[in-house]
Every structure is written in structure tokens, then in C-alpha cells.
Amino acid sequence: MVLTFTVASPEVDDFVLELKLNSDATFRDLHDLIRETCGWGRHKESAFYVCDHRWHPERTIREHGLEDDTMDDVELGDVLDDEGQRMQYVFDEAAERGLLMELSHIAYGQSIALPHCSRRHGEAPALIIETPAKPAPLTQEQLLAALQAAQADNDDDMEPADDDLFDMSELDMEGFDFSEQ
């Protein structure tokens, strides 16, 4: 049996892959095909999440692990047998980044020589998202200098007090209600 997967990225709108593998291929074979097709090297631990029709994970297949099934141990056909089944391929769990996959076609009674990508459109999302470097923390001397500069700016903005700006005799007391209770 030949399984055809349609793969898309929630990060890149026009990215689509169509991957074909025999049903006796392992999840490791699928993992390697995705990495090769996307031009990704080995970076972080990856995992497949077999999902229900609402994308809720029902089974986890990890690259390595003691508790979960591993990619080397599980054949695709042992888990996936219905067109429309969904999976998530998470390639960066810390940043919750991955690809959405659907088993789009099953060709019964057929086989292929090697797993391959039969269709590709757009550019794959970057394996690693470049984050701007955090600025180095300020030293105590830099903090003190910044505080002194801010204080000097505030002192320059202050105008001298002028006691003649407000005259109490000009206040109309009729508008105020003073009652003792």
C-alpha cells in the first residue's frame, strides 16, 4: 500500500508538500523524508502526533523515548489506515512549531521503490527562527549615570516657584458647600 500525505505549514501560507511512502515504512522514514525535502538538518528532538479530525493529539510517536512509541519502532500502516487521518509533525516543541499533515490518499495493492516528495510548492518554514540578541544588562555605573542624567533633565524642566501665581483672596467661597456633620 502506498500512503500519500499532504503537508502544510501554519507559518507559511503557500507551502505544501505531497509525500509518498509505503505503508511498511516507519515514522523515522517519514521524518527523514520531511527533513530532506525541507532542507533541514538535525536540530532538535521531533515528534509526530496522530490526531483526531479536530487536530487533538491521540498518540505520540517520538524520535527517542522510553514511555512513548519511537519513530524507529512504528510502521506507518500500523497507525494510519484511513484517508483523511491527521497528524502534526512538531519539529520545535519549545516554540510549538510544526507541520500539519493529512493522509490524503491510500493506493491499495501498490508499492514504490523509495519514499519521495511527489509535489512541492513554496518555501519550507525556517527550522530555526532567528531571535534578536538580548542587550547586555547595564552595569551599576551605567544605571547610576542614566539616573543622574534623568534627574538633571527633570531639574532643567522645573520652573522656579512663584508664590504670586495664586491669591487666596480671589477665591469665591460661594461655590463651596462647607457643612459640619
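Student: Which residues does Thr70 touch, not counting residues up to four places away in sequence?

Tutor: Contact means heavy atoms within 4.5 Å. Thr70 touches Ile61, Arg62, Glu63, His64 and Gly65, with residues up to four places away in sequence not counted. Note that this is a predicted model: local features need pLDDT of at least 70, side-chain atom pairs count only at pLDDT 80 or more, and totals for chains, interfaces and linings use all residues. Residues are numbered from 1 along each chain as its sequence is written, and side-chain values use heavy atoms, leaving out hydrogens and water.

Student: Where does Thr70 lie, and is Thr70 buried or exposed?

Tutor: Helices (H or I, at least four residues) and strands (E, at least two) are DSSP runs, numbered from the N terminus. Thr70 lies in strand β5, residues 69–70. Buried means under 20% relative accessible area, exposed over 50%, and partly exposed in between, with a 1.4 Å probe and protein chains only. At a relative accessible area of 11%, Thr70 is buried.

Student: How do I read the nonpolar core?

Tutor: In soluble globular proteins, nonpolar side chains tend to be buried together. A nonpolar core is a set of buried Ala, Val, Leu, Ile, Met, Phe, Trp, Tyr and Cys residues joined through side-chain atoms within 4.5 Å. Here the largest has 31 residues; Phe5, Phe27, Leu30, Ile34 and Phe48 touch the most other members. Its largest share, five residues, comes from α1.

Student: How many residues of α1 are buried?

Tutor: Nine of the twelve, so α1 is largely enclosed by the rest of the structure. Among them are Phe27, Leu30, Leu33 and Ile34. Just after α1, Gly39 takes a positive phi of about 75 degrees.

Student: What about aromatic pairs?

Tutor: A pair of aromatic rings is described by the distance of the centres and the angle of the planes. Rings of Phe, Tyr and Trp (its six-membered ring) pair if their centres lie within 6.5 Å; planes under 30 degrees apart count as stacked, over 60 as edge-to-face and the rest as tilted. The whole structure has three such pairs. Phe48 and Tyr89 form a tilted one, 4.8 Å centre to centre with 45 degrees between the planes. Phe48 is in strand β3 and Tyr89 in strand β6, so the pair ties together parts 41 residues apart in sequence. Phe48 is buried at 0% relative accessibility. Tyr89 is buried too, with a relative accessible area of 0%.

Student: Which residues form one aromatic cluster?

Tutor: Phe27, Phe48 and Tyr89.
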